[in-house]
Amino acid sequence: MLRRLGAAAILASGLGGAAHAAPYPSQPIKMVTAFGPGSASDIVARMIAERLQARLGQVVIVENRPGASGQVAADLVARAQPDGYTIMLATNTTHSSNPYLFKSLRYDPIKDFTPLVQVCNFPFVLAVSSKLPVRTVAELISYGKAHPDQVNYAYGNSTGQISAASFDKQTGMRAAAIPYKSTPQAMTDIIGGRATFMFVDLASAAGQIQSGSLRALAVTTEKRSALAPDLPSVSEALGQPGFDLAAWVGIFGPAGMEPAVRDKLAEELYAVVSSTEVQEKLSRMGAEPTPARAEALKPFVARQLKVWGDKVKQAGIQPE
C-alpha cells in the first residue's frame, strides 16, 4: 500500500511539473544579425522579427553584432543555449566564406548550428560615388589604370570583398582593399570620395542610388537581373563569362535544439518568409525571395561551402 502511494506521489509530482512547464515561447526571442543597422541583413531581420512576434505572441528583439566579418555574431549564437531564445539571421559571409577567409574560426558553420529556414538572395552591384567621373565599367577600369596607387575598394562583408578582389584580379587595376565593419559605413566613404568603388547589395544601396549619391555600374549575377534590368552584368561588361556572385540569407539556431522547439520555430518562420506580403517586400527592397524549409537549408549550406571556397581561391584571397 505504501509503495503504491509513493509511486502515485512521484507520478503526480511529474505530471504537476509538466503541467506547470511554460510553453514555448515564454520569454523574448533574440534574433542576432552580423551586420549593423541599415544593412540589408538588418532590414530583413526586422521585417521577419515583426511578423514572427505577431505569430508567436512573444517579443522578438533584433540584436546587431557586427565585427570580424560576422564572426562575433556567429560565435555568440553557436555558444548560446539551444532553447530557441537565441537565433541568427546568417548569410554566406558567416556560413560559406569565413571558413576560407580565416585560418581559424571558433565556430563550425555546419556542426554548431540548427538550420531553420532559408529566406532570400541578395544580388550585388558594382557602385561608385556619383562624383567620380565614370559611368561604365570600362570607364572605371580606365580611371583605375590612369591613377595607379590611388584606387581602392571598400567592403563591409565577404561577398563585397570576394567580388571586388575577383574584379580587381580580372581587370588588373591593383586597387587596395579597405575593410569595414558593415556595409553602411563603407557606402558612406564611397559617397564621400574616401574610397573608389565597392560591390554592395542592391537592397542596402537602393536608396543612395535613387537619390543620386551612388552610381551603379553593373550587377554581379551572370546575367542581367530582373531587379535592375538596365544594368549590364559584370561578365557582360568585361566580355568574360563566369562572374556570378550573390549573397544568400538563412536563419539558424544553435546546435542541439529540442525537436519540438526547433520544429515550432521553423514552421512559424517558414510561414513568415513564404507569405506573399514578405516576398513582395523583399522584392521591392532589391532581394530575391527563396523561401525553403529547414530540411532543404541544411544541404544547401553544405553545397555553398564548396561554392564559396572555390570563389575565394579564384579571387586569390589568402586567409588571414
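Trainee: Which domains does the domain assignment of the chain give?

Mentor: This is a predicted model. Its domain assignment gives domain 1 (29-121 + 247-315) and domain 2 (124-238). Note that domain 1 is written as two stretches.

Trainee: How many Å separate the centres of domain 1 and domain 2?

Mentor: Taken over C-alpha atoms, the centres are 26 Å apart. The contact between the domains draws on 24 residues from domain 1 and 19 residues from domain 2.

Trainee: What does the chain come to in secondary structure?

Mentor: Count 12 helices and 10 strands. The C-alpha trace spans about 95 × 40 × 30 Å along its principal axes.

Trainee: How should I read burial, and what percentage of the 320 residues is buried?

Mentor: Start with the general idea. In soluble globular proteins, nonpolar side chains tend to be buried together. Now this chain. Buried residues make up 53% of its 320 residues.

Trainee: Which residues have the most contacts inside the largest nonpolar core?

Mentor: That core has 83 residues. Those with the most contacts inside it are Ile48, Val119, Phe122, Leu140, Phe167, Phe197 and Ile251. Strand E4 (residues 113-129) gives the most to this core, nine residues in total.

Trainee: Why does this core lie between domain 1 and domain 2?

Mentor: Check who contributes. Domain 1 and domain 2 both give residues to the core, so it lies between them.

Trainee: Take Phe122. What is Phe122 in contact with, leaving aside its neighbours within four places in sequence?

Mentor: With those neighbours set aside, the contacts of Phe122 are Ala40, Val44, Asp201, Ala203, Ala246, Ala247, Val249, Met285, Gly286 and Ala287. There is also a second, separate core of 17 residues. Val125, Ala154, Met198 and Ala216 are among its members.

Trainee: What share of the contacts with a separation of 6 or more comes from residues 24 or more positions apart?

Mentor: In this chain, such pairs account for 77% of those contacts.

Trainee: Now a helix pair. At what angle do the axes of helix H2 and helix H10 cross?

Mentor: H2 (residues 40-56) and H10 (residues 259-273) cross at roughly 120°. Their axes come within 10 Å. That angle makes H2 oblique to H10.

Trainee: Is the crossing of H2 and H10 left-handed or right-handed?

Mentor: Right-handed.

Trainee: Which residues in H2 meet which in H10?

Mentor: H2 brings Ile48, Arg51, Leu52, Arg55 and Leu56. They meet Lys264, Leu265, Glu268, Leu269, Ala271, Val272 and Val273 in H10. Ile48 is also listed among the residues with the most contacts inside the largest nonpolar core.

Definitions and conventions:
Residues numbered from 1 in each chain as written. Predicted model: local features only at pLDDT ≥ 70, side-chain atom pairs only at ≥ 80, totals over all residues. Heavy atoms only, no water. Core = buried A, V, L, I, M, F, W, Y, C linked by side-chain atoms within 4.5 Å. Buried < 20%, exposed > 50% of the residue type's maximum accessible area, 1.4 Å probe, protein only. Helix = DSSP H or I, 4+ residues; strand = E, 2+ residues; numbered from the N terminus. Domains from an automatic or database assignment. Contact = heavy atoms within 4.5 Å. Axes fitted to C-alpha atoms, helices over the stretch in contact; angles between N-to-C directions. Parallel < 35°, antiparallel > 145°, perpendicular 65-115°, else oblique. Left-handed = near helix turned anticlockwise from the far one by under 90°.
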